[in-house]
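Biologist: Thanks for sitting down with me over this one. Could you show me the model, and then we can go through it together?

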Amino acid sequence: MKRHAAVTLATIILGAFAPLLAQDLTITNVRIIGPNATVIERGSIVVRGGKIASVAAGAPASPAGKTIDAKGMTAMPGFIDGHRHINTGPNEKTQMQALLEAGYTTILSGGGPAEGNITLRDHIDKGVINGPRIIPSGAVRLNGTADSARADVRKLADLGVKFAGEILLTPIPGPTEKEIENLKAALDEAKKVGIIVQVHAVSSKAMVAAADAGVPLLVHLPNKDWVSKEDAKKVAAAGTKVLGTVSFGSPVFGVFANDNKPRFRDGKPWPEGIIDGVRLGEEAGYMPVNARTIWDAGVILGYCTDTNYDPKAGLDHELKMLNVMFSMQDLVKMMGANTASYVQMGDQIGTLEPGKLADIVLLDGDPLEGYWNWLKTKVVVKGGNVVVDKR
């Protein structure tokens with residue numbers, strides 16, 4: 001009887017932590033989108049211990065674990081959102097599942113209380129709920145003193161959080177001397193304690209000031225004015241990486257209500273609802289053009305949605321706008337390798353290569369044909385585990 005109870009207890013414990021155990025897996029008969037949008041038309045991917053063991057044309061030489069016949073489907077790296085507002089809460093289970101089903105396997109939190117980010121990450125890592133890999137961030141404020149900005153940075157380090165959330169710089173008329181002084185103090189402290197600083201700089205003046213100060217990451221493109229080629233080159237020369245949020249200013253339809261009325265991404269009327277906007281909706285023009293300008297200057301441009309509404313709708317909205325200015329080959333690089341580099345995980349995710357984490361999305365169709373096929377998620381693998389299967 002005691003032996004039976006012990007076996008039962010062990011079974012319950014293993015079941016509770018099943019999401020943590022990386023699976024072996026073989027995917028066959030699959031179109032594979034490799035680095036730089038190279039294509040293997042009928043190939044295979046073998047996963048061992050949660051990492052990609054091989055990516056090759058034809059049948060696998062040495063299969064492992066469960067086999068998925070992906071005939072008619074395409075394998076891409078799991079989607080990464082470099083800036084999305086998430087936190088723990090009563091609806092986290094539903095929200096995290098929706099992110100997985102849209103194809104997201106890694107999310108860098110857009111901010112909010114760092115403690116809530118940590119709780120959400122831990123709920124997923126411990127198997128309490130299913131969800132993408134969560135990278136927490138936390139607030140650093142510039143509206144106090146240099147010493148208080150340093151203190152905010154040290155607090156994040158004490159919590160084990162590696163990213164500062166979006167630090168706001170005044171866009172119009174531009175950052176104040178005090179903001180730049182406090183920003184430089186935060187950057188100096190961040191280097192000492194290993195924190196990666198992100199800045200919200202949504203005008204050309206703010207963007208260049210941030211790059212000049214040594215900011216490594218910008219969470220948004222300018223949406224208040226046009227970025228000149230000269231300013232784009234300054235950002236490229238500084239090595240500052242930028243996230244797109246290209247659809248920020250364009251209206252959303254059919255997400256908050258099916259009444260054919262344009263809305264901003266928080267559900268308020270468009271264009272009046274645009275945050276700090278000029279009430280004309282011209283931000284919808286600035287963002288995609290500025291994205292192309294900095295891309296052509298050689299800036300590493302990554303992908304994010306900066307939303308908290310339905311993940312698939314957000315993916316659709318962002319891809320539609322990116323589709324105006326970028327090829328599908330560009331988007332493979334932007335959403336994969338570039339965003340992985342932005343979240344400091346370029347050696348682990350973002351491309352389907354041996355040695356990297358097995359974060360894989362199987363899509364129904366060819367993503368190089370058009371962005372609409374990026375919305376047809378059938379299977380999602382995160383770290384070797386099949387977390388979504390809609391076949």
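Biologist: Before we go on, what should I keep in mind about the model?

Modeller: Residues are numbered from 1 along each chain as its sequence is written, and side-chain values use heavy atoms, with hydrogens and water left out. This is a predicted model, where totals for chains, interfaces and linings use all residues, local features need pLDDT of at least 70, and side-chain atom pairs count only at pLDDT 80 or more.

Biologist: What percentage of the 391 residues is buried?

Modeller: Buried means under 20% relative accessible area, exposed over 50%, and partly exposed in between (1.4 Å probe, protein chains only). By that cut-off, the buried share of the 391 residues is 54%.

Biologist: How many aromatic pairs does the structure hold?

Modeller: Rings of Phe, Tyr and Trp (its six-membered ring) pair if their centres lie within 6.5 Å; planes under 30 degrees apart count as stacked, over 60 as edge-to-face and the rest as tilted. With those rules, the number of aromatic pairs is 8.

Biologist: Is the pair of W226 and Y286 stacked or edge-to-face?

Modeller: The two ring centres are 4.6 Å apart. Their planes stand at 75°, so W226 and Y286 are edge-to-face.

Biologist: How many residues apart in sequence are the parts that W226 and Y286 tie together?

Modeller: Helices (H or I, at least four residues) and strands (E, at least two) are DSSP runs, numbered from the N terminus. W226 sits in the loop between β12 (217-218) and α7 (229-238), while Y286 belongs to helix α8 (residues 283-296). The pair therefore ties together parts whose separation in sequence is 60 residues.

Biologist: F256 and Y309 also form an aromatic pair; which of them is buried?

Modeller: That pair is edge-to-face, at 5.4 Å centre to centre and 75° between the planes. F256 has a relative accessible area of 35%, so this residue is partly exposed. At 7% relative accessibility, the buried residue is Y309.
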